[in-house]
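Thank you all for coming; I would like to take a few minutes to walk through one model with you. Please have the sequence and the coordinates open while I talk.

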Amino acid sequence: MSLVAADLLEMHRKMALIRRFEEVAFELALAGKFANYHGGMGQEAIPAGVCHGLTSADKTMITHRGLGVLLARGVSVQDVFAGLYAKGPSPTRGRIPVYHMAEPKLGILAGTSMVGSVIPLAAGSALAAKLDKRKDVTISFFGDGAVNRGDVHEGINLAAVWKLPIVFFCENNFYAKSTPLAATTAGGSIVARAAGYGLPSKVIDGNDVVAVYEATQEAVERARSGAGPSFIECETYRWTPHSTAGDREFARTAEELAGWKRRCPVKRLEKSLLEQGCATQAQLDAVHEQIRKDVAQAVQWVESAPYAEPPVALENVYR
Ligand SMILES: Cc1ncc(C[n+]2csc(CCOP(=O)(O)OP(=O)(O)O)c2C)c(N)n1
Ligand SMILES: [Mg+2]
């Protein structure tokens with residue numbers, strides 16, 4: 001599907017929403033309102049671009065840095081905040097980190113905390129689709145820090161051998177906590193590894209929402225047609241430290257961060273919307289204004305929402 005103005009504006013709205021959510025969530029976490037937050041600020045083009053064009057039957061599995069995907073797939077800001085605050089009305093009923101929430105209606109499968117462990121599970125989701133002769137495709141997100149884990153190799157290899165309907169989507173932000181990619185990854189390239197599995201692959205600019213959308217759609221179509229998995233390496237950068245739990249920046253420099261901020265994915269799309277005449281500055285400002293109000297309202301609501309009653313902790317738990 002080629003993109004028209006309405007698509008670009010919708011992706012812009014989602015990116016603006018995710019950016020505002022990221023700004024507010026980061027500040028609230030630093031203020032001690034909830035335990036810890038792995039901010040995705042700077043990486044908003046990825047959830048917006050990947051999820052635009054997915055059907056609600058398609059599956060996404062995220063990592064610890066993927067709350068934008070929940071928003072892009074249609075989880076409300078209220079629900080995501082309620083999950084972070086572990087409040088009673090949250091989709092997780094206050095029991096597990098919101099990173100692990102599932103919402104089957106929206107195609108959101110539960111994630112995991114162990115880096116790389118989500119990949120074999122995502123391959124399992126794609127295997128289920130194939131065995132059931134369904135047409136949905138699974139998107140498996142992972143970071144550059146996951147690529148040297150054994151379970152990543154096992155999951156990708158199996159998916160390639162069985163031609164499963166899955167897209168392996170590596171968000172390469174060049175660091176795993178404070179460890180730069182080059183210090184841990186032999187061969188000098190993540191994407192080069194896809195050749196070892198016989199998979200089509202691409203490196204894309206992860207701050208260009210259109211490039212993210214197009215690469216994902218190509219891979220999704222291939223998977224849906226029964227031709228098997230693809231591998232996308234998406235280059236990007238997180239604007240905030242690894243988490244709000246006191247992670248210090250050992251390796252990343254202020255100059256490097258400033259360079260990536262000049263490549264802001266939201267501003268970049270806005271520049272192109274204005275140049276193409278798809279929107280006026282006043283229209284874009286109005287989008288941001290509405291989102292500021294919506295996010296502020298969601299925070300107000302979650303602050304006064306009740307915690308779950310203790311017995312809820314044992315609901316749906318297999319013992
Ligand atoms: C197996 C395992 N080792 C270590 C950790 C601690 N840990 C959590 S996130 C993270 C960094 C992951 O880096 P990357 O995959 O590049 O994702 P990013 O944080 O950059 O988005 C680490 C080491 C973990 N959760 N699981
Ligand atoms: Mg990383």
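Predicted model: local features only at pLDDT ≥ 70, side-chain atom pairs only at ≥ 80, totals over all residues.

Residues are numbered from 1 along each chain as its sequence is written, chains are lettered from A and ligands numbered from 1 in the order in which they are written, and side-chain values use heavy atoms, with hydrogens and water left out.

Let me start with the metal. Which residues coordinate the magnesium ion, ligand 2? They are Asp-144 through OD, Asn-173 through OD1 and Tyr-175 through its O atom, at 2.0 to 2.2 Å. Donors here are N, O and S atoms within 2.8 Å of the metal, or 3.2 Å for Na, K and Ca, and water is not among the atoms, so sites may look incomplete. Along the sequence, the donor residues are spaced D-x28-N-x1-Y. Asp-144 sits in the loop between strand S2 (138-143) and helix H6 (150-161), while Tyr-175 belongs to strand S4 (residues 175-176), so this pair ties together parts that are 31 residues apart in sequence. When I say helix or strand, I mean DSSP runs numbered from the N terminus, with helices being H or I of at least four residues and strands E of at least two. Asp-144 and Tyr-175 are both buried, where buried means under 20% relative accessible area, exposed means over 50%, and partly exposed is in between, with a 1.4 Å probe and protein chains only.

Now to ligand 1, which is surrounded by 15 residues, the closest being His-64, Arg-65, Gly-145, Asn-173 and Tyr-175; a residue counts as near if one of its heavy atoms lies within 4 Å. Gly-145 takes part through its backbone, with an N or O atom 2.8 Å from an oxygen atom of ligand 1.

Next, the pockets and the cavity, which are found on a 1 Å grid over the protein atoms alone: a cavity is a set of points where a 1.4 Å probe fits but cannot get out, a pocket is an open set with protein on both sides within 12 Å along at least five of seven lines, and lining residues have an atom within 4 Å of a point. Grid points are joined across faces, edges and corners, and a volume is the space filled by probe spheres set on the points.

The largest pocket holds about 730 Å³ of space. Of its 38 lining residues, those closest to the centre are His-38, Thr-63, His-64, Arg-65 and His-242, and the elements that give two or more residues to the lining are helix H4 (77-85), S2 and S4. The lining divides into 16 nonpolar, 16 polar and six charged residues.

The second largest pocket has a volume of about 200 Å³. Helix H1 (5-30), helix H10 (265-275) and helix H11 (281-304) each give two or more residues to its lining, with the largest share, four residues, coming from H1.

His-52 lies in the loop between helix H2 (45-51) and strand S1 (59-61); at a relative accessible area of 10% His-52 is buried, and its side chain makes a polar contact of 2.8 Å with that of Asp-7. A polar contact is a pair of N or O atoms within 3.5 Å; within protein, one must be able to donate a hydrogen and the other to accept it, and residues adjacent in sequence count only if both atoms are side-chain atoms. Thr-236, in the loop between strand S7 (230-235) and helix H9 (254-261), is buried at 0%, and its side chain joins that of Asn-207 in a polar contact of 2.8 Å. Finally, Val-75, in the loop between helix H3 (67-73) and H4, counts as buried at 8% relative accessibility.

Note on methods: Nonpolar A, V, L, I, M, F, W, Y, C, P; charged D, E, K, R; others polar.
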